[in-house]
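Here are my notes on the model, as numbered points. Please read them with the structure open.

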Amino acid sequence: MKIGNVEIKNNIILAPMAGVTDLPFRLICKEMGCGLVYTEMVSAKAILYKNKNTEPLLSTDDREHPVAVQLFGSDPDIMGDMAAKIESERNFEIIDINMGCPVPKIVNNGEGSALMNCPDQVEKILKNIISKVHTPVTVKIRKGFNENSVNACEIAKIAESCGVSAVAIHGRTREQYYSGKADLQVIADVKKAVKIPVIGNGDICDVESAIRMYEVTGCDGIMVGRAARGNPWIFRQLSEYFENERIIAKPGRNEVIDMILRHCRMLIEEKGEYTGIREMRKHVGWYTFGMPHSASIRGRVNTLESYDELEDMFNELRQ
(Lines give C-alpha, C1' and ligand atoms only; values in the text may rest on other atoms or scores of the structure.)
Protein backbone atom coordinates (compact mmCIF):
# COMPACT_ATOMS: atom_id res chain seq x y z
CA MET A 1 0.00 0.00 0.00
CA LYS A 2 1.19 3.54 -0.74
CA ILE A 3 -0.02 6.80 0.83
CA GLY A 4 1.46 9.73 -1.03
CA ASN A 5 5.13 8.83 -1.31
CA VAL A 6 5.06 6.57 1.77
CA GLU A 7 5.39 2.84 1.18
CA ILE A 8 3.61 0.68 3.76
CA LYS A 9 4.50 -3.01 4.01
CA ASN A 10 0.86 -4.03 4.22
CA ASN A 11 -2.56 -2.40 4.37
CA ILE A 12 -3.37 -3.27 8.00
CA ILE A 13 -3.43 -0.14 10.12
CA LEU A 14 -3.71 0.65 13.84
CA ALA A 15 -6.35 3.34 14.45
CA PRO A 16 -5.43 6.34 16.58
CA MET A 17 -7.00 5.98 20.04
CA ALA A 18 -6.69 8.48 22.87
CA GLY A 19 -5.19 6.90 25.95
CA VAL A 20 -4.25 3.73 24.06
CA THR A 21 -1.92 4.22 21.08
CA ASP A 22 1.07 5.55 22.97
CA LEU A 23 4.62 4.59 22.00
CA PRO A 24 4.83 1.23 23.85
CA PHE A 25 1.53 0.01 22.42
CA ARG A 26 2.44 1.14 18.90
CA LEU A 27 5.75 -0.72 19.08
CA ILE A 28 3.99 -3.91 20.14
CA CYS A 29 1.44 -3.64 17.32
CA LYS A 30 4.14 -2.91 14.75
CA GLU A 31 6.09 -5.95 15.91
CA MET A 32 2.94 -8.05 15.51
CA GLY A 33 2.62 -7.13 11.85
CA CYS A 34 0.78 -3.80 11.69
CA GLY A 35 1.77 -1.86 8.58
CA LEU A 36 1.09 1.68 9.81
CA VAL A 37 0.55 3.11 13.29
CA TYR A 38 -0.97 6.41 14.42
CA THR A 39 -0.23 8.46 17.52
CA GLU A 40 -2.93 9.43 19.95
CA MET A 41 -4.65 12.59 18.73
CA VAL A 42 -2.71 15.76 19.49
CA SER A 43 -4.21 19.23 19.88
CA ALA A 44 -2.77 21.81 17.48
CA LYS A 45 -3.46 24.51 20.07
CA ALA A 46 -1.61 22.51 22.72
CA ILE A 47 1.46 22.40 20.46
CA LEU A 48 1.16 26.14 19.83
CA TYR A 49 1.00 26.93 23.54
CA LYS A 50 3.74 24.39 24.38
CA ASN A 51 1.54 22.33 26.71
CA LYS A 52 3.87 20.04 28.67
CA ASN A 53 1.48 17.08 28.36
CA THR A 54 1.79 17.15 24.59
CA GLU A 55 5.47 16.25 24.34
CA PRO A 56 5.06 12.55 25.30
CA LEU A 57 2.30 12.19 22.68
CA LEU A 58 4.82 13.15 19.98
CA SER A 59 7.52 10.73 21.12
CA THR A 60 8.56 8.18 18.47
CA ASP A 61 10.97 5.29 18.04
CA ASP A 62 12.91 4.21 14.95
CA ARG A 63 11.37 0.72 15.20
CA GLU A 64 7.79 1.91 14.60
CA HIS A 65 8.18 3.74 11.30
CA PRO A 66 6.28 4.55 9.21
CA VAL A 67 4.18 6.41 11.78
CA ALA A 68 1.44 9.03 11.39
CA VAL A 69 0.77 11.88 13.80
CA GLN A 70 -2.89 12.78 14.26
CA LEU A 71 -3.72 16.45 14.76
CA PHE A 72 -7.04 17.91 15.82
CA GLY A 73 -8.29 21.47 15.81
CA SER A 74 -10.61 23.81 13.96
CA ASP A 75 -8.58 26.95 13.26
CA PRO A 76 -7.13 26.72 9.72
CA ASP A 77 -4.13 28.95 10.46
CA ILE A 78 -3.17 27.17 13.68
CA MET A 79 -3.63 23.77 12.06
CA GLY A 80 -1.46 24.75 9.10
CA ASP A 81 1.25 26.34 11.21
CA MET A 82 1.43 23.44 13.67
CA ALA A 83 1.51 20.89 10.85
CA ALA A 84 4.47 22.79 9.41
CA LYS A 85 6.12 22.91 12.85
CA ILE A 86 5.72 19.15 13.25
CA GLU A 87 7.15 18.55 9.79
CA SER A 88 10.23 20.65 10.52
CA GLU A 89 10.90 19.37 14.03
CA ARG A 90 9.66 15.77 14.09
CA ASN A 91 10.03 12.55 12.16
CA PHE A 92 6.53 11.56 11.03
CA GLU A 93 5.86 10.11 7.59
CA ILE A 94 2.19 11.16 7.55
CA ILE A 95 0.13 13.96 9.10
CA ASP A 96 -3.47 12.90 9.78
CA ILE A 97 -6.34 15.26 10.55
CA ASN A 98 -8.99 14.13 13.02
CA MET A 99 -12.55 14.79 11.88
CA GLY A 100 -14.12 11.83 13.63
CA CYS A 101 -13.64 12.11 17.40
CA PRO A 102 -17.13 11.99 19.01
CA VAL A 103 -16.15 13.07 22.56
CA PRO A 104 -18.35 15.99 23.76
CA LYS A 105 -15.52 18.25 24.95
CA ILE A 106 -13.92 17.98 21.48
CA VAL A 107 -17.17 18.30 19.52
CA ASN A 108 -18.44 21.22 21.65
CA ASN A 109 -15.25 23.07 20.73
CA GLY A 110 -16.02 22.69 17.01
CA GLU A 111 -13.34 20.04 16.57
CA GLY A 112 -13.26 16.32 15.75
CA SER A 113 -16.53 15.06 14.27
CA ALA A 114 -18.11 18.51 14.62
CA LEU A 115 -16.24 19.36 11.41
CA MET A 116 -18.45 16.88 9.53
CA ASN A 117 -21.13 19.59 9.83
CA CYS A 118 -18.84 22.26 8.36
CA PRO A 119 -17.68 21.37 4.81
CA ASP A 120 -16.43 24.91 4.14
CA GLN A 121 -14.30 24.84 7.28
CA VAL A 122 -12.96 21.42 6.32
CA GLU A 123 -11.82 22.84 3.00
CA LYS A 124 -10.14 25.84 4.64
CA ILE A 125 -8.30 23.64 7.16
CA LEU A 126 -7.06 21.14 4.60
CA LYS A 127 -6.01 23.75 2.05
CA ASN A 128 -4.07 25.64 4.70
CA ILE A 129 -2.28 22.54 5.94
CA ILE A 130 -1.41 21.20 2.50
CA SER A 131 -0.09 24.59 1.38
CA LYS A 132 2.42 24.54 4.24
CA VAL A 133 3.75 20.94 4.28
CA HIS A 134 5.32 18.43 1.92
CA THR A 135 4.45 15.45 4.13
CA PRO A 136 1.46 13.40 2.90
CA VAL A 137 -1.74 14.52 4.65
CA THR A 138 -4.59 12.11 5.42
CA VAL A 139 -7.95 12.62 7.09
CA LYS A 140 -10.09 10.42 9.33
CA ILE A 141 -13.84 10.99 9.11
CA ARG A 142 -17.13 9.38 10.07
CA LYS A 143 -20.24 8.44 8.13
CA GLY A 144 -21.68 11.82 9.13
CA PHE A 145 -22.67 13.72 12.25
CA ASN A 146 -26.01 11.92 12.49
CA GLU A 147 -28.34 9.92 10.25
CA ASN A 148 -29.89 13.15 8.94
CA SER A 149 -26.54 14.44 7.73
CA VAL A 150 -24.70 11.51 6.15
CA ASN A 151 -22.08 13.35 4.11
CA ALA A 152 -18.95 11.20 4.14
CA CYS A 153 -18.76 11.24 0.34
CA GLU A 154 -18.95 15.04 0.24
CA ILE A 155 -16.20 15.44 2.83
CA ALA A 156 -14.03 12.82 1.11
CA LYS A 157 -14.38 14.63 -2.24
CA ILE A 158 -13.41 17.93 -0.59
CA ALA A 159 -10.38 16.24 0.97
CA GLU A 160 -9.31 14.80 -2.38
CA SER A 161 -9.72 18.15 -4.14
CA CYS A 162 -7.50 19.79 -1.51
CA GLY A 163 -4.69 17.30 -2.13
CA VAL A 164 -5.22 14.84 0.73
CA SER A 165 -3.39 11.54 0.07
CA ALA A 166 -5.87 9.11 1.70
CA VAL A 167 -9.08 9.08 3.70
CA ALA A 168 -10.05 6.73 6.53
CA ILE A 169 -13.73 6.40 7.27
CA HIS A 170 -15.44 4.98 10.34
CA GLY A 171 -18.81 3.62 9.30
CA ARG A 172 -20.75 5.17 12.19
CA THR A 173 -22.14 8.65 12.76
CA ARG A 174 -20.96 10.83 15.60
CA GLU A 175 -24.36 10.33 17.23
CA GLN A 176 -23.77 6.57 17.33
CA TYR A 177 -20.37 6.85 19.02
CA TYR A 178 -19.42 3.15 18.95
CA SER A 179 -22.89 1.61 19.30
CA GLY A 180 -24.74 -0.43 16.70
CA LYS A 181 -23.02 -1.77 13.62
CA ALA A 182 -20.70 0.09 11.29
CA ASP A 183 -22.27 0.91 7.92
CA LEU A 184 -20.01 -0.73 5.35
CA GLN A 185 -22.07 0.57 2.44
CA VAL A 186 -21.10 4.18 3.17
CA ILE A 187 -17.45 3.14 3.03
CA ALA A 188 -18.14 1.50 -0.34
CA ASP A 189 -19.79 4.73 -1.50
CA VAL A 190 -16.73 6.76 -0.51
CA LYS A 191 -14.48 4.30 -2.33
CA LYS A 192 -16.49 4.88 -5.51
CA ALA A 193 -16.53 8.66 -5.01
CA VAL A 194 -12.78 9.28 -4.83
CA LYS A 195 -9.58 8.04 -6.47
CA ILE A 196 -7.29 8.36 -3.44
CA PRO A 197 -6.85 5.33 -1.13
CA VAL A 198 -9.79 4.66 1.19
CA ILE A 199 -9.24 2.94 4.54
CA GLY A 200 -12.20 1.13 6.08
CA ASN A 201 -12.71 1.37 9.83
CA GLY A 202 -15.37 -0.11 12.12
CA ASP A 203 -16.09 -3.55 13.62
CA ILE A 204 -12.92 -5.27 12.36
CA CYS A 205 -12.24 -7.76 15.14
CA ASP A 206 -10.91 -10.88 13.34
CA VAL A 207 -10.02 -12.34 9.95
CA GLU A 208 -13.66 -12.88 8.97
CA SER A 209 -14.70 -9.28 9.65
CA ALA A 210 -11.62 -7.99 7.80
CA ILE A 211 -12.50 -10.11 4.76
CA ARG A 212 -16.05 -8.77 4.88
CA MET A 213 -14.79 -5.17 5.01
CA TYR A 214 -12.77 -5.75 1.83
CA GLU A 215 -15.50 -7.64 0.03
CA VAL A 216 -18.34 -5.21 0.79
CA THR A 217 -16.45 -1.92 0.43
CA GLY A 218 -13.58 -2.56 -2.00
CA CYS A 219 -11.43 -0.44 0.34
CA ASP A 220 -7.67 -0.17 -0.06
CA GLY A 221 -6.77 -0.75 3.58
CA ILE A 222 -8.31 -1.71 6.89
CA MET A 223 -8.00 0.11 10.21
CA VAL A 224 -8.28 -1.77 13.50
CA GLY A 225 -9.25 0.18 16.60
CA ARG A 226 -10.89 -1.14 19.78
CA ALA A 227 -10.32 -4.79 18.83
CA ALA A 228 -6.57 -4.24 19.24
CA ARG A 229 -6.88 -3.23 22.90
CA GLY A 230 -5.55 -6.17 24.87
CA ASN A 231 -5.18 -8.08 21.60
CA PRO A 232 -2.19 -6.89 19.55
CA TRP A 233 -2.11 -10.45 18.16
CA ILE A 234 -4.92 -9.42 15.81
CA PHE A 235 -2.25 -7.85 13.57
CA ARG A 236 -0.32 -11.12 13.45
CA GLN A 237 -3.50 -13.00 12.60
CA LEU A 238 -4.54 -10.57 9.87
CA SER A 239 -1.10 -10.24 8.26
CA GLU A 240 -0.56 -14.02 8.25
CA TYR A 241 -3.92 -14.61 6.63
CA PHE A 242 -3.59 -11.98 3.93
CA GLU A 243 0.05 -12.81 3.18
CA ASN A 244 0.01 -16.61 3.53
CA GLU A 245 -3.67 -17.60 3.85
CA ARG A 246 -2.82 -19.14 7.20
CA ILE A 247 -5.10 -18.96 10.25
CA ILE A 248 -3.18 -18.47 13.49
CA ALA A 249 -4.66 -19.60 16.78
CA LYS A 250 -5.35 -17.12 19.56
CA PRO A 251 -2.58 -16.84 22.18
CA GLY A 252 -2.69 -19.07 25.24
CA ARG A 253 -2.81 -17.77 28.79
CA ASN A 254 0.95 -17.83 29.33
CA GLU A 255 1.60 -15.88 26.14
CA VAL A 256 -0.96 -13.28 27.24
CA ILE A 257 0.71 -13.04 30.65
CA ASP A 258 4.14 -12.65 29.04
CA MET A 259 2.77 -9.80 26.92
CA ILE A 260 1.13 -8.10 29.90
CA LEU A 261 4.41 -8.10 31.80
CA ARG A 262 6.40 -6.94 28.79
CA HIS A 263 3.90 -4.18 28.00
CA CYS A 264 4.12 -3.02 31.60
CA ARG A 265 7.94 -2.95 31.50
CA MET A 266 7.80 -0.86 28.33
CA LEU A 267 5.35 1.58 29.93
CA ILE A 268 7.57 1.91 32.99
CA GLU A 269 10.64 2.51 30.83
CA GLU A 270 8.78 5.23 28.93
CA LYS A 271 6.82 6.88 31.76
CA GLY A 272 8.29 5.73 35.09
CA GLU A 273 6.91 3.12 37.49
CA TYR A 274 4.30 5.31 39.19
CA THR A 275 2.58 6.31 35.93
CA GLY A 276 3.36 3.09 34.07
CA ILE A 277 1.68 0.84 36.65
CA ARG A 278 -1.41 3.01 36.77
CA GLU A 279 -1.73 3.21 32.99
CA MET A 280 -1.27 -0.55 32.78
CA ARG A 281 -4.41 -1.17 34.83
CA LYS A 282 -6.78 -0.50 31.93
CA HIS A 283 -4.63 -2.60 29.59
CA VAL A 284 -4.79 -5.51 32.05
CA GLY A 285 -8.59 -5.25 31.93
CA TRP A 286 -8.47 -5.59 28.14
CA TYR A 287 -5.84 -8.34 28.07
CA THR A 288 -7.68 -10.48 30.59
CA PHE A 289 -11.20 -9.99 29.23
CA GLY A 290 -12.82 -13.41 28.99
CA MET A 291 -10.19 -15.10 31.17
CA PRO A 292 -11.41 -17.14 34.16
CA HIS A 293 -11.68 -14.88 37.23
CA SER A 294 -10.99 -11.74 35.15
CA ALA A 295 -13.11 -9.57 37.46
CA SER A 296 -10.98 -10.49 40.48
CA ILE A 297 -7.80 -9.95 38.42
CA ARG A 298 -8.96 -6.42 37.58
CA GLY A 299 -9.81 -5.77 41.20
CA ARG A 300 -6.39 -6.90 42.37
CA VAL A 301 -4.41 -5.04 39.72
CA ASN A 302 -6.10 -1.76 40.69
CA THR A 303 -4.42 -1.96 44.11
CA LEU A 304 -0.90 -2.72 42.88
CA GLU A 305 1.85 -0.12 43.19
CA SER A 306 4.89 -1.81 41.64
CA TYR A 307 5.98 -4.01 38.76
CA ASP A 308 7.19 -6.72 41.17
CA GLU A 309 3.68 -7.01 42.63
CA LEU A 310 2.20 -7.27 39.14
CA GLU A 311 4.70 -9.94 38.13
CA ASP A 312 4.07 -11.97 41.28
CA MET A 313 0.31 -11.82 40.76
CA PHE A 314 0.46 -13.01 37.16
CA ASN A 315 3.04 -15.71 37.81
CA GLU A 316 0.51 -17.20 40.25
CA LEU A 317 -2.01 -17.34 37.39
CA ARG A 318 0.19 -19.22 34.93
CA GLN A 319 -1.05 -22.59 33.67
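1. Which residues of H10 are buried? The model is predicted, and in it the buried set is Val 256, Ile 257, Met 259, Ile 260, Leu 261, His 263, Cys 264, Met 266, Leu 267 and Ile 268.

2. Helix H10 runs over residues 253–271. Its 19 residues reach 27 Å from the first C-alpha to the last. That is close to the 27 Å expected at 1.5 Å a residue.

3. Look next at what covers the buried residues of H10. The cover includes helix H1 (23–31) and helix H9 (233–244). Helix H11 (273–287) and helix H13 (307–316) are also included.

4. Check the residue after the helix. Gly 272 follows H10. The phi of Gly 272 is positive, near 90°.

5. Now turn to H5, residues 119–132. This helix has 14 residues and reaches 20 Å from its first C-alpha to its last. The span expected at 1.5 Å a residue is 20 Å, and H5 comes close to that.

6. The buried residues in H5 are Pro 119, Val 122, Ile 125, Leu 126, Asn 128 and Ile 129. They pack against helix H3 (76–89) and helix H6 (152–162). They also pack against strand E6 (94–99) and strand E7 (137–144). An α-helix has 3.6 residues a turn, so residues three or four places apart point the same way.

7. Why does Asn 128 count as buried? Its relative accessible area is 15%, and buried means under 20%. Leaving aside neighbours within four places in sequence, Asn 128 is in contact with Pro 76, Asp 77 and Gly 80.

Methods
Residues numbered from 1 in each chain as written. Predicted model: local features only at pLDDT ≥ 70, side-chain atom pairs only at ≥ 80, totals over all residues. Heavy atoms only, no water. Helix = DSSP H or I, 4+ residues; strand = E, 2+ residues; numbered from the N terminus. Expected span 1.5 Å × (residues − 1). Buried < 20%, exposed > 50% of the residue type's maximum accessible area, 1.4 Å probe, protein only. Contact = heavy atoms within 4.5 Å.
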